[in-house]
Amino acid sequence: MFKILEGLVFSSGVANLTFGHVFMWLVAFVLMYLAIKKQYEPLLLLPIAFGILVVNLPLTFLMEPEHGLIWFFYHYGIEMDIIPPLVFLGLGAMIDFGPLIANPKTLLLGAGAQVGLYVTFFAAILLGFDLKEAASIGIIGGADGPTAIYLGSKLAPHMLGATAVAAYSYMALVPIIQPPIMRLLTTEAERKIEMGKMRPVSKLQKVVFPVMTAMIVMLLAPPSAPLISMLMLGNLFKESGVVERLTKASSNELINIVTIFQGLSVGATMTAAVFLNPKVLLVFFLGLFAFCVSTATGLLMAKFMNLFLKVKINPLIGAAGVSAVPMAARCVHKVGSEANRRNYLLMHAMGPNVAGVIGTVAAAAIFLKNLG
Amino acid sequence: MEVFGSGIIGVYLIMALLMVLMQASIKIIEYFERWNNKTASEEPQP
């Protein structure tokens, strides 16, 4: 009887618990708290947190290659590049590129915000990361989860959990991180600049946009193909107006299903052995740095453009050049309306915001071309 | 340094080219739509 009990205890997970496992549970509980109580990106943080929790229960072998359940999700979904493009298909079916088509100059703001990625890439190398690791840290500044996962899984899969959690955490913290930088880099007069009504965009322009963008971006940066093709296909579904069922399926059922597997798989990469490493702390620090620099460079790009524009733009919209759709645009609108009650910047900020998505994919493609 | 430089230049190049081509396509579409509307309004009513 005693032998049976002894066998039961020693073959259980309890006997194999380590401090690292317990620490990772705490990390999972903190993320669950942020997702449930604070509602910070709950769609992603909740499955990520649960993935962290279950993978750090000893002897479950959920991430055991060729055997573990979550390993199969991770292998076929993330490693084989299936999930991030499917998320982009859903995003494309949800995003309205109208504000960008109404004001194509805002594409340059989307490019401006990507400078932060490269500054962070440089900073990460100076701090001892290798080129591939530095690129997957830099991409956090793009504030685009699927792209960060896509690039991370190709260049630095051992850091995927940390980079993905950092990207989604900072995206959720946009309303806290961005406003001080916006106020610091703009004057009261600049924040008060009113932007006129947007040019109306016809249906034909909206239908041509995804086709043209897919062709141009993929011709110039072929490694962007998996992401940009799916993003633009989803948008073409939406704007064509003839495949309502496909649009609905992409923007609801499909994206919801793949989000579950994406979150769970990414969370499950964060085992104690991988996460409890001083480098991970640096990843979080550099991710925050990337996000701040991207916000700043987007703002500075808008100010630079104002030197040449006859009709000035409100430089705050440059901060929306980091992807984080639509939180960054909402944040710009809030700061702008605080300075001037008559200011309605939301739709104007959506232009650089969606341009940021394209810009981040382009930046990731260039990283892949150079380092992949 | 090469990755750093080519990355920044590459992103700006892609976005700038996309901007120019988008502006050009908008002009063409607007011209086409105006022409289309004009033709439609000139058609005799049955």
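Predicted model: local features only at pLDDT ≥ 70, side-chain atom pairs only at ≥ 80, totals over all residues.
The largest pocket has a computed volume of about 760 Å³. Its lining comprises 31 residues, of which A:Glu41, A:Leu43, A:Leu91, A:Met94 and A:Val325 are the closest to the pocket centre. Six helices of chain A, namely H3 (42–55), H5 (83–94), H10 (145–155), H11 (160–172), H16 (244–268) and H19 (327–339), each contribute at least two lining residues. The largest share, six residues, is supplied by H16(A). By class, the lining of the largest pocket consists of 21 nonpolar, seven polar and three charged residues.

Among the 15 residues that line the second largest pocket, A:Asn103, A:Lys105, A:Met195, A:Val311 and A:Ile313 are the closest to its centre. Its lining divides into seven nonpolar, four polar and four charged residues.

Three cavities of 30 Å³ or more are present in the structure. The largest cavity holds about 50 Å³ of space and is lined by residues of both chains: A:Ile101, A:Gln205, A:Val208, A:Phe209 and A:Met212, together with B:Met22, B:Ser25, B:Ile26 and B:Ile29. Seven of the lining residues are nonpolar and two are polar, with no charged residue.

For the second largest cavity, the volume is about 40 Å³. The residues lining the second largest cavity are A:His158, A:Met159, A:Leu160, A:Gly161, A:Ala162, A:Thr269, A:Met270, A:Val274, A:Phe275 and A:Val280. Two or more of these come from each of H11 and helix H17 (272–275) of chain A, and H11(A) gives the largest share, three residues. The classes are seven nonpolar, three polar and no charged.

The largest nonpolar core contains 131 residues, and those with the most contacts inside this core are A:Phe97, A:Leu100, A:Val332, A:Ile358 and A:Phe367. Helix H20 (residues 346–371) of chain A accounts for the largest share of the core, 15 residues. Beyond its neighbours within four places in sequence, A:Phe97 contacts A:Phe209, A:Leu231, A:Met232, A:Asn235, A:Val354 and A:Ile358.

A polar residue, A:Ser323, is located in the loop between helix H18 (278–306) and H19 of chain A. With a relative accessible area of 2%, A:Ser323 is classed as buried because this value is under 20%. The side chain of A:Ser323 forms a polar contact of 3.1 Å with the side chain of A:Thr360. Excluding residues up to four places away in sequence, A:Ser323 touches A:Gly142, A:Ala143, A:Asp144, A:Ala328, A:Asn353, A:Gly356, A:Val357 and A:Thr360.

Conventions
Residues numbered from 1 in each chain as written. Chains lettered and ligands numbered in written order. Heavy atoms only, no water. 1 Å grid on protein atoms, 1.4 Å probe; cavity = no way out; pocket = protein on both sides within 12 Å on 5 of 7 lines; lining within 4 Å. Points joined across faces, edges and corners; volume = space filled by probe spheres on them. Helix = DSSP H or I, 4+ residues; strand = E, 2+ residues; numbered from the N terminus. Buried < 20%, exposed > 50% of the residue type's maximum accessible area, 1.4 Å probe, protein only. Polar contact = N/O pair within 3.5 Å; in protein donor to acceptor, adjacent residues only side chain to side chain. Contact = heavy atoms within 4.5 Å. Core = buried A, V, L, I, M, F, W, Y, C linked by side-chain atoms within 4.5 Å.
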